[in-house]
Amino acid sequence: MSPLAYIIFFFFTLISGIIFYQNITFLEGFGGRFSLAQMFFLGVWFWICLLIMIPLVTMRLFSEEYKTGTIEILLTAPVSDWDVVLAKFFGALAFYLCLWAPSVLYLLIFQWVSDSQVPIQWPSLLLCYSMVVLVGSLFISVGLFFSSLTKSQPLAAFMSFATLMIYFFVGILAFNVHNSKFSDLLSYISTYQHMQTYLEGIFDTRPLVFYLTAAALFLALTHQILAIKKVKA
């Protein structure tokens with residue numbers, strides 16, 4: 001991994017640990033009102049970390065190749081453009097999953113320290129982590145697409161961050177829209193509402209279809225960008 005990857009891993013682990021500690025502290029005073037999973041996965045800091053971290057992870061996937069000139073080697077190597085796109089995507093996804101591994105350790109430590117006096121609903125928690133994977137897949141595909149458009153890493157990070165922020169807050173509008181049809185549409189794409197649904201232990205296949213389809217769309221767009229650049233080269 002690059003030095004940037006280690007820096008991202010360190011700070012994400014540190015911040016998520018602080019968030020987890022603050023949630024535990026809050027539970028001591030308001031234990032019956034919220035569950036630990038609700039406070040962690042629906043908290044504002046969770047979404048801020050997610051929206052900032054993924055553009056940082058994806059910004060150099062293709063931009064660095066353009067900057068150093070190694071993109072020509074990739075485009076002329078005996079592999080297909082899809083091989084390149086998917087290798088970049090799954091590499092970033094694997095690193096993304098590694099970032100979340102410590103959070104599972106936090107929960108296990110919490111159960112050990114509390115002697116399981118505060119039960120954790122593992123089935124609903126498993127659904128939450130599946131949602132984390134689905135959301136990450138979509139966000140990474142968006143970041144990968146913008147990284148394929150420019151050799152400037154800061155620009156790629158900014159474009160993906162701005163797009164993800166707009167998408168997230170458009171989904172939040174579902175709580176304030178009174179038009180039933182428009183509200184249903186916003187609810188269908190609302191990441192926040194999807195997480196709420198999974199936290200309740202309800203497995204809804206619609207988010208599964210939405211995230212996989214949207215991620216496939218952005219991967220296809222990235223493939224087209226590479227195909228265009230290969231023709232120009």
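Predicted model: local features only at pLDDT ≥ 70, side-chain atom pairs only at ≥ 80, totals over all residues.
Numbering runs from 1 along each chain as its sequence is written, and side-chain values use heavy atoms, with hydrogens and water left out.

**Stop 1: the second largest pocket**

Select Ser 2, Ala 5, Val 57, Arg 60 and Leu 61, which lie nearest the centre of the second largest pocket, out of 15 lining residues. (On a 1 Å grid over the protein atoms alone, a pocket is an open set of points with protein on both sides within 12 Å along at least five of seven lines; lining residues have an atom within 4 Å of a point.) The volume of this pocket is about 260 Å³, meaning the space filled by probe spheres set on the points, which are joined across faces, edges and corners.

Now colour helices H1 (3–29), H3 (44–58), H4 (63–68) and H6 (81–113): each gives the lining at least two residues. Helices here are DSSP runs (H or I, at least four residues), numbered from the N terminus. Which helix gives the largest share of the lining? That's H6, with four residues. By class, you get nine nonpolar, two polar and four charged residues. (Ala, Val, Leu, Ile, Met, Phe, Trp, Tyr, Cys and Pro count as nonpolar, Asp, Glu, Lys and Arg as charged, the others as polar.)

**Stop 2: the second largest cavity**

There are two cavities of 30 Å³ or more in the structure; a cavity is a set of points where a 1.4 Å probe fits but cannot get out. H1 and H3 each contribute at least two.

**Stop 3: Ile 18**

Pick Ile 18, in helix H1. Buried or exposed, or in between? At 43% relative accessibility, Ile 18 counts as partly exposed, the class between buried (under 20% relative accessible area) and exposed (over 50%), with a 1.4 Å probe and protein chains only.

**Stop 4: helix H10**

Finally, select 191–199: seven of the nine residues of H10 are buried, including Tyr 192, His 194 and Met 195. Just past the helix, check Gly 201, which has a positive phi of about 80 degrees.
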